[in-house]
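Student: Could you take one part of this model and walk me through it closely? I'd like to see how it sits against the rest of the fold.

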Amino acid sequence: MADGLERLWTPHRMTYISGEDRPEGGYERPAGCPFCRAPGLAPEESLVVARGEHVFAVLNLYPYNPGHLLVCPYRHVADYTELDLAETTELAAFTQTAMRVVRKVSNAHGFNLGMNQGGVAGAGIAAHLHQHVVPRWGGDANFMPVIGQTKVLPQLLTDTRDLFTRAWPT
């Protein structure tokens, strides 16, 4: 019997859910870590928005909301306490800049900021520290994620990257 609901297919999420794209040997080694690989990819393959001396900003491949950015140190460290002062300072500055850029480009009303430290705390890639910058808008938690367990993303990640890259101060 039909339930009367329309289906919005998001097959790209299944790769993440099933772990199909998880490298052999996991994320613990820099060779298997997507945050270690991202800065070295060609611009058309990378979702990197901006690069600093110690950290970079990259779009989340599996975003919670449109424009979901991650600020990552280049160095493969797992815990916030392992960052040195220069990395900590630049991570904070990049987080502030990310918020400004997202507000400018997409008029975000607010943000969720945070780090999940360790797998038990929800880190999908616990071996490489990353700060989430998740834009929020009034009413963005509508029936789709609440009832339909589906997130609608209205823009391709490469298009979002291009907008953010152009808006990021140099």
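Tutor: Let's take α3 and start with what it hides: its buried residues are Glu 87, Glu 90, Leu 91, Phe 94, Thr 95, Thr 97, Ala 98, Met 99, Val 101 and Val 102. Keep in mind that this is a predicted model. An α-helix has 3.6 residues a turn, so residues three or four places apart point the same way. The buried residues of α3 pack against β1, β2, β3, β4 (110–114), β5 (131–136) and α5.

For context, the protein chain has 5 helices and 5 strands, running α-α-β-β-β-α-β-β-α-α along the sequence. Of its 170 residues, 36% count as buried.

Now the helix itself. With 22 residues at 1.5 Å a residue, α3 should span 32 Å, and its end C-alpha atoms are 31 Å apart, which agrees. Just after the helix, Asn 107 takes a positive phi of about 55°.

Next, the core. The largest nonpolar core holds 32 residues, and Val 49, Leu 69 and Trp 168 touch the most other members. Elements giving two or more residues to this core are β1 (48–51), β2 (55–59), β3 (69–73), α3 (85–106) and α5 (157–167). The largest share, 6 residues, comes from α3. Have a look at Leu 69 too: leaving aside residues up to four places away in sequence, its contacts include Ala 98 and Val 102, along with Val 49, Val 58 and Phe 164.

Then there are the rings. A search of the whole structure turns up 2 aromatic pairs. One is Phe 56 with Tyr 74, whose ring centres are 5.2 Å apart and whose planes meet at 35°, so the pair is tilted. Phe 56 is in strand β2 and Tyr 74 in the loop between β3 and α3, 18 residues apart. Phe 56 counts as buried because its relative accessibility is 0%, whereas Tyr 74, at 28%, is partly exposed.

Phe 94 lies in α3 and Trp 168 in the segment after α5, so the pair ties together parts 74 residues apart in sequence. Phe 94 counts as buried at 9% relative accessibility, and Trp 168 counts as buried at 9%.

Terms used: Residues numbered from 1 in each chain as written. Predicted model: local features only at pLDDT ≥ 70, side-chain atom pairs only at ≥ 80, totals over all residues. Heavy atoms only, no water. Helix = DSSP H or I, 4+ residues; strand = E, 2+ residues; numbered from the N terminus. Buried < 20%, exposed > 50% of the residue type's maximum accessible area, 1.4 Å probe, protein only. Core = buried A, V, L, I, M, F, W, Y, C linked by side-chain atoms within 4.5 Å. Contact = heavy atoms within 4.5 Å. Expected span 1.5 Å × (residues − 1). Phe/Tyr/Trp six-rings, centres within 6.5 Å; stacked < 30°, edge-to-face > 60°.
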